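Subject: Structure for you to look at

Hello,

Here is the structure I said I would pass on. Please open it beside this email and follow along.

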Amino acid sequence: MVLDLLLIAVAITLDPLPIMAFVLVLSSYRGVWRGLAFILAWLACLVAVIALVLLFTGGQPPPPRSPPSTAALAAKLAIGLGLVLYGAHRRRSHRAPAAASEAKGRARHASDPHGGSGRVSLWSAAALAVFLQPWGLVAAAATVVVRADLSHVASFAALFGFVLLATASLLAAELYTVFAPEAAGVRLARLRNWLQEHQEPAIVVGCLVLGLWLTGNSIYQLTG
């Protein structure tokens with residue numbers, strides 16, 4: 001469980017689209033507070049998903065080969081295959097004008113959801129965090145959290161570590177902006193530009209690597 005959650009958390013925190021949107025939120029009017037709203041909404045989504053799964057399992061992992069355990073593995077397998085297919089599709093079509101237009105459109109919406117005013121409300125920043133949450137990866141994490149056993153402290157540590165790592169890039173940018181606003185503005189802008197240029201390879205590699213891992217791990221557990 002720990003390794004699965006670690007890999008999924010890394011994929012979430014390195015997803016380029018939320019990072020680019022968050023950098024643009026930070027550069028808006030009173031961006032630190034808007035960034036905080038973004039982070040809180042982001043955390044709320046992760047915690048809500050984990051809480052719902054633990055509520056369903058009662059904090060006890062289902063027995064191996066039981067219907068709930070098999071269903072969770074089947075869901076993880078489906079998500080893994082979906083990520084592989086999505087990554088392969090984007091690899092074939094990432095040079096298409098439509099893909100570039102979609103990415104630019106989402107970036108423009110993130111940077112200026114109020115039609116050029118340069119201001120992002122707290123509610124808009126929070127809604128943006130929910131909209132850009134990589135829900136496919138969060139769903140993959142949910143299939144892993146099913147195996148969490150709350151009678152062990154290690155499970156609490158693993159879940160806390162997952163939430164913290166999945167938010168690490170946002171927290172780092174927020175803290176950097178708080179303590180070094182001028183330097184952060186310049187360097188985060190450079191990071192955003194770099195991500196815009198390399199987002200397609202990052203998404204493709206991330207989807208393929210994580211998808212192959214989830215697929216192989218699920219098949220192994222289903223047939224082992």
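Predicted model: local features only at pLDDT ≥ 70, side-chain atom pairs only at ≥ 80, totals over all residues.

Helix α3 and its neighbours

Start with helix α3, which covers residues 31–57, and helix α8, which covers residues 153–166. Their axes come within 10 Å and cross at roughly 155°. An angle over 145 degrees counts as roughly antiparallel, and α3 and α8 are therefore roughly antiparallel to each other. The crossing of α3 past α8 is right-handed. To find the contact on screen, select W42, L43, L46, I50 and L54 in α3, then L159, F162, V163 and A166 in α8. Sorted by class, the residues of this contact are 9 nonpolar, with no polar and no charged ones.

Helix α3 also packs against helix α9, residues 168–179. Here the angle is about 160° and the axes are 10 Å apart. That angle makes α3 roughly antiparallel to α9. The crossing of α3 and α9 is left-handed. From α3 the contact takes V32, G35, L36, F38, I39 and W42, and from α9 it takes L170, L171, E174, T177 and V178. In this contact 8 residues are nonpolar, 2 are polar and 1 is charged. Note W42 in particular: it is among the α3 residues that meet α8, and it is also among those that make the contact with α9.

Helices α2 and α6

The axes of α2 and α6 come within 10 Å and cross at roughly 170°. The two helices are therefore roughly antiparallel. L17, P18, A21 and V25 of α2 make the contact with A125, L128 and L132 of α6. By class there are 7 nonpolar residues in it, no polar ones and no charged ones.

The largest pocket

How much space lies in the largest pocket? The value is about 620 Å³. The lining is made of 28 residues, and those nearest the centre of the pocket are A11, D15, L137, I203 and C207. Several helices give two or more residues to this lining: α1 (2–13), α2 (16–26), α4 (67–93), α5 (97–111), α6 (122–132), α7 (135–145) and α10 (181–223). Which of them gives the most? It is α10, with 8 residues. Divided by class, the lining holds 21 nonpolar, 3 polar and 4 charged residues.

Regards

Technical notes
Residues numbered from 1 in each chain as written. Heavy atoms only, no water. Axes fitted to C-alpha atoms, helices over the stretch in contact; angles between N-to-C directions. Helix = DSSP H or I, 4+ residues; strand = E, 2+ residues; numbered from the N terminus. Parallel < 35°, antiparallel > 145°, perpendicular 65-115°, else oblique. Left-handed = near helix turned anticlockwise from the far one by under 90°. Contact = heavy atoms within 4.5 Å. Nonpolar A, V, L, I, M, F, W, Y, C, P; charged D, E, K, R; others polar. 1 Å grid on protein atoms, 1.4 Å probe; cavity = no way out; pocket = protein on both sides within 12 Å on 5 of 7 lines; lining within 4 Å. Points joined across faces, edges and corners; volume = space filled by probe spheres on them.
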